[in-house]
Amino acid sequence: MARPIWSGTLTFGLLNVPVSLMSGERKVDLHFRMLDSRDKSPIRFERVNAETGEEVPWKDIVKAFEYDKGNYVVVEQEDIKSAAPEGHESVEVETFVDASDIDVRYYEKPYILVPGKKAEKGYVLLRETLRDTGQAGIARVVIRTRQYLCAVLPQGDALVLMLLRYPQELVAPDDYKLPSGNAGDYRVSPKEMEMARKLIQSMSGEWKPDEYHDEFRERLQAIIAERIQAKGATAKVDEPAQHEREGDATNVVDFMALLQKSLGENKRTPAKKTATDQVAKRPAKATKAVKKAAKKTAKKAPAKSAKKPAKKAPLRKAG
């Protein structure tokens, strides 16, 4: 059973709704350990004093801000706590805006707000009102030691809390050299525009996220399954051939030819068959072991090596 990040209240106006903040994402990355290639022993990363080369215990480590090269000011845990705003256990909606007005670049990370016991009425009231009006509630929330801007949005039966980036965290597109002006300024003809529209229409379909998978991770999982089955035998991994795409060799691209060819093929771009089928064909025991390992690493950090640490060599100065 998933545990809440924190429990508090969702407030708008004078209405308070007890809620729990639950994670809205699932980690599926494969986690690797670094080994010594000579004897396959795990590599440990230690906290070492840069001057003496001695290991530093956690109790002697403090956080500091480097305000100038080599000059630091220590920030104590009490300083961080005192900076947290009052009411840090609440999501207080400050204003409501049209959800469509929020630039997609601001969205960062999803959470799900789960109502507390006997709090369903206020939860449903806000959810359905947001749905009917097309509005999003803009609020602030403190998670651990940082305050976030967030948006409260309805999705199905849930109220989703989406963390937002602050404006200062975004790079303005104007910072880069981009082709501004009209299509005509770049010799894009009306006929090319019309053909591009037809191509987009021919490739249009419904958004079905379940059809898309992390193919790289699935292929890598298949390779690991083979290695496990082979009990450590070395397997050759063929590097994918690099194909030059049409138009890559020169800046002068025949858009009409490419559009015509695309329309002629009239091919849509559905999600490709992923390596899931390939994984299914691998020995069941090996595949199961990989999935189990991936689940385990997502839940807890790798255990420390029980090996006795080797004698530390003195640090060498980079030169």
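The questions below take up the labels given to parts of this chain.

Q: What kind of model is this, and what does the chain contain?
A: This is a predicted model. The chain has seven helices and nine strands. Of its 319 residues, 21% are buried. The chain exposes about 25,700 Å², and carbon and sulfur atoms supply 53% of that area. Among contacts between residues at least 6 apart in sequence, 66% join residues at least 24 apart.

Q: Why is T11 called buried?
A: The relative accessible area of T11 is 10%. Buried means under 20%, so T11 with its 10% is buried.

Q: Where is T11, and which residues does T11 touch, leaving out those up to four places away in sequence?
A: T11 is found in strand β1, which covers residues 6-12. With those sequence neighbours left out, T11 touches N16, V91, E92 and V93.

Q: Which strands make up the barrel, and in what order?
A: Seven strands close into a barrel, in the order β1-β2-β6-β9-β8-β7-β5, with mixed pairing. On average, neighbouring strands of this sheet are turned by 40 degrees against each other, direction ignored.

Q: What makes β2 and β6 a pair?
A: Two strands pair if at least two bridges are found between them. Strand β2 (residues 15-23) and strand β6 (residues 107-115) have five bridges, in the antiparallel sense.

Q: Which strands does helix α2 lie across?
A: Helix α2 (residues 120-133) lies across β1, β2, β5, β6, β7, β8 and β9. The helix runs at about 70 degrees to β9.

Q: How do you know that the length of helix α3 agrees with its number of residues?
A: Helix α3 (residues 190-202) has 13 residues, and at 1.5 Å a residue these should span 18 Å. The expected span is 1.5 Å times one less than the number of residues. The end C-alpha atoms of α3 are 18 Å apart, so the two values agree.

Q: Why are the buried residues of α3 said to line one face?
A: The buried residues in α3 are E192, M195, L199 and S202. Seen down the axis of α3, the buried residues fall within an arc of 85 degrees, so they line one face of the helix. On the other side of α3, P190, I200 and Q201 are exposed.

Q: Why are K118 and R187 called exposed?
A: Exposed means over 50% relative accessible area. K118 has 84%, so K118 is exposed. R187 has 78% relative accessibility and therefore counts as exposed.

Q: What is the phi of K118 and of R187, and where are these residues?
A: K118 has a positive phi of about 60 degrees although it is not a glycine, and K118 is in the loop between β6 and α2. R187, which is not a glycine either, has a positive phi of about 55 degrees. R187 is in the loop between β9 and α3.

Note on methods. Residues numbered from 1 in each chain as written. Predicted model: local features only at pLDDT ≥ 70, side-chain atom pairs only at ≥ 80, totals over all residues. Heavy atoms only, no water. Helix = DSSP H or I, 4+ residues; strand = E, 2+ residues; numbered from the N terminus. Buried < 20%, exposed > 50% of the residue type's maximum accessible area, 1.4 Å probe, protein only. Contact = heavy atoms within 4.5 Å. Arc of directions from axis to C-beta. Axes fitted to C-alpha atoms, helices over the stretch in contact; angles between N-to-C directions. Areas by Shrake-Rupley, 256 points an atom, 1.4 Å probe, with all protein chains shown as cover.
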